[in-house]
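Work through the exercises below with the sequence and the model side by side. Try each task before reading its solution.

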Amino acid sequence: MSLLLTGFSDNPMQSRADFQKAARSLVEPLVPFLERDGAALDLEEGAANFDMRASYLEGVARPFWGLVPLALGGGSFKHWDLFRRALVEGTSPDHPNRWGPVGEVDQRAVEMAAIGFLLALLPEQGWAPLGEQEKDNLAHWLAGLQQREVSANNWKFFTVLVQEGLRKVGRADLVDDKLEKSHLQQLADWYRGDGWYGDGGSGAVDHYGGFAMHFYGMLYAMLKRGQDDPFACLFEERAAAFAEPFSHWFADNGESMIQGRSLTYRFATSAYWGMLAASGLRPMEAGVIKGLWARQIRQWCNRPIFRPDGVLSRGYAYPNLHVCEFYNSPTSPYWAMKAFMPLALDEDSDFWQAEEKPLPERKKICAMPHADSLLQRTDGHAITHFAAPIHTWLQMDKYNKFAYSTLCGFDVMSLQYAHVGIFGDNILALSFDEGANWQMRQRNLDVKVREAELEVRWTSGSQEVTTLIQAGDDGCFTRTHCFELAQSAEVVETGFAVDQWYEEAVRLQFDEQAVMMKGTNALSIIRANDALARTPLDSLRINSNMASPRTRIPGFRLSLEPGSHRISHAFQLKAM
């Protein structure tokens with residue numbers, strides 16, 4: 001059966017009505033499960049690190065991110081009664097389908113935010129039709145979040161959104177004002193500058209800056225409109241500043257930078273642009289914002305991202321649990337519904353009346369010191385040379401690659417088959433036991449971003465390396481690594497992965513001077529930039545890449561003796 005979805009995959013996504021249809025079509029496959037299970041919505045496809053009742057809640061709550069703006073803009077949806085039934089069952093302390101009280105650092109906190117969003121913006125659907133006892137159950141269940149610890153990152157916004165929802169429906173008596181101000185201050189303090197947030201105290205840079213920190217910040221400002229709220233002003237100011245640098249993370253065709261965790265949320269990467277539109281902020285022309293938003297969502301139309309029953313699968317460009325986080329349950333991908341905030345705008349708004357515009361001409365090289373990265377544009381796509389903090393509690397590959405792009409997916413489990421000579425993309429790997437065990441970048445120690453250079457001193461855990469990345473305006477770049485070996489080592493460096501899902505990639509060159517690999521998406525080249533002896537590598541990867549289940553990666557392997565070493569390679573990535 002086809003892994004495409006009627007109403008989404010065959011949708012031209014040009015008009016407001018097209019996008020309304022797309023939002024409805026995404027939710028429709030969940031309806032049979034809601035009818036059968038109510039609040040205990042079970043997609044019967046595995047689990048996550050949290051309990052199944054929290055997973056059930058995900059499946060009920062996450063569609064609200066799209067359904068609420070759909071309704072606010074006058075869009076029809078005929079299954080509100082099923083969602084209200086689930087709300088009532090899930091928050092009733094005695095119902096067999098109850099979700100249970102929120103615990104410490106509990107996934108329920110994430111989904112409570114979506115319900116707070118529902119109450120704050122659409123109480124006529126999420127609150128008014130409920131009976132008095134049902135309202136009381138819901139309000140007290142939500143308010144319980146204030147007594148629990150949440151993750152020290154974008155989760156702090158979840159408590160705030162719950163509090164705003166409670167205020168909207170007349171239950172301010174349950175709101176802890178002091179706690180809200182404390183959370184807002186913590187969130188504000190994670191700002192890195194030039195529009196960039198770190199997702200929590202780790203300072204990690206990824207799409208959470210757009211589809212979480214700025215999304216919720218703009219939403220908070222919308223809810224506080226007309227009030228003298230310093231955080232609302234601050235969040236809007238920072239969100240506007242983010243537009244220009246973040247636009248570099250999108251290719252001309254709409255593909256976003258394939259980097260970081262939670263990419264199974266897919267077109268949630270357009271949520272920042274959608275919320276920017278809904279908020280009324282215009283740091284760019286409405287047509288430019290509309291183009292960035294719409295092109296990204298349309299990128300998903302012809303990709304096999306659905307189960308045969310139409311439910312969104314886990315994965316990125318295709319169903320694949322390997323590329324997911326341990327907190328991705330079967331219902332997690334519906335965070336993608338956050339993309340649909342512009343549906344709250346009237347047809348005659350400047351956003352919907354604007355013609356989509358392409359990105360203004362971008363700089364070929366853009367230094368982003370507040371994101372610890374260097375952005376390079378070539379052939380209409382973008383590469384980010386990356387040295388921001390590495391999330392070691394997740395798959396490190398999502399943060400420790402030297403480069404990510406909008407053209408090629410990155411590999412997880414880069415060292416899983418290193419002992420047999422197969423390596424992931426864009427890494428420098430070292431082995432001190434003749435190839436039995438391997439290490440790669442684990443932690444950045446010092447980062448310097450200059451006009452066209454990124455210098456990072458890093459450690460693999462036992463080996464310190466200084467890497468200098470120099471970007472050229474012709475789309476080429478070099479990586480030079482300097483280090484002192486106390487013992488002999490095997491060293492491997494790799495380039496970008498090319499796609500060979502349905503058509504085999506071709507070696508255009510494979511020798512000590514260069515490895516050139518041509519796939520259906522790109523030409524990936526790595527060239528020797530020094531006189532050291534090296535062996536060419538061709539790594540065939542299966543089901544480890546975000547964009548393709550079959551990829552090939554060019555690279556080199558060197559055998560080095562103890563002492564000081566300088567390894568340099570030149571790279572090029574060209575779209576096919």
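Buried means under 20% relative accessible area, exposed over 50%, and partly exposed in between (1.4 Å probe, protein chains only). Helices (H or I, at least four residues) and strands (E, at least two) are DSSP runs, numbered from the N terminus. The model is predicted: local features need pLDDT of at least 70, side-chain atom pairs count only at pLDDT 80 or more, and totals for chains, interfaces and linings use all residues. Residues are numbered from 1 along each chain as its sequence is written, and side-chain values use heavy atoms, with hydrogens and water left out.

**Exercise 1. A helix and its surroundings**

Find helix α9 (residues 156-168) and work out what covers its buried residues.

Step 1. Check the length. Helix α9 has 13 residues and reaches 19 Å from its first C-alpha to its last. That is close to the expected 18 Å, where the expected span is 1.5 Å times one less than the number of residues.

Step 2. Count the buried residues. They make up 11 of the 13, so α9 is largely enclosed by the rest of the structure. Among them are Phe157, Phe158, Val160 and Leu161, but also Lys156 and Glu164.

Step 3. Look for the cover, using contact (heavy atoms within 4.5 Å). It includes α4 (64-72), α6 (108-121), α8 (132-143), α10 (177-189), α11 (208-223) and α12 (230-247).

Step 4. Look past the end. Gly170 follows α9, and its phi is positive, near 80°.

**Exercise 2. A strand with two partners**

Identify the strands that pair with β16 (residues 522-528).

Step 1. Apply the rule: two strands pair if DSSP finds at least two bridges between them.

Step 2. Take β15 (residues 514-518). It runs antiparallel to β16, with 5 bridges. A hairpin of 3 residues links the two.

Step 3. Take β19 (residues 563-575). It pairs with β16 through 7 bridges, again antiparallel. Here Leu523 is partnered by Lys574.

Step 4. Judge the burial. In β16, 6 of the 7 residues are buried, so the strand is largely enclosed by the rest of the structure.

Step 5. Zoom in on Ser524, which lies in β16. Ser524 counts as buried because its relative accessibility is 1%. A polar atom of its side chain lies 2.9 Å from the backbone oxygen of Phe496. Leaving aside neighbours within four places in sequence, Ser524 contacts residues including Gly495, Val515, Pro554 and Leu573.

**Exercise 3. Cysteines**

How many disulfides does the model have?

Step 1. A disulfide is a pair of cysteine sulfur atoms within 2.5 Å. The count is 0.

Step 2. Cys408 is buried, at 2% relative accessibility.

Definitions and conventions. A polar contact is a pair of N or O atoms within 3.5 Å; within protein, one must be able to donate a hydrogen and the other to accept it, and residues adjacent in sequence count only if both atoms are side-chain atoms.
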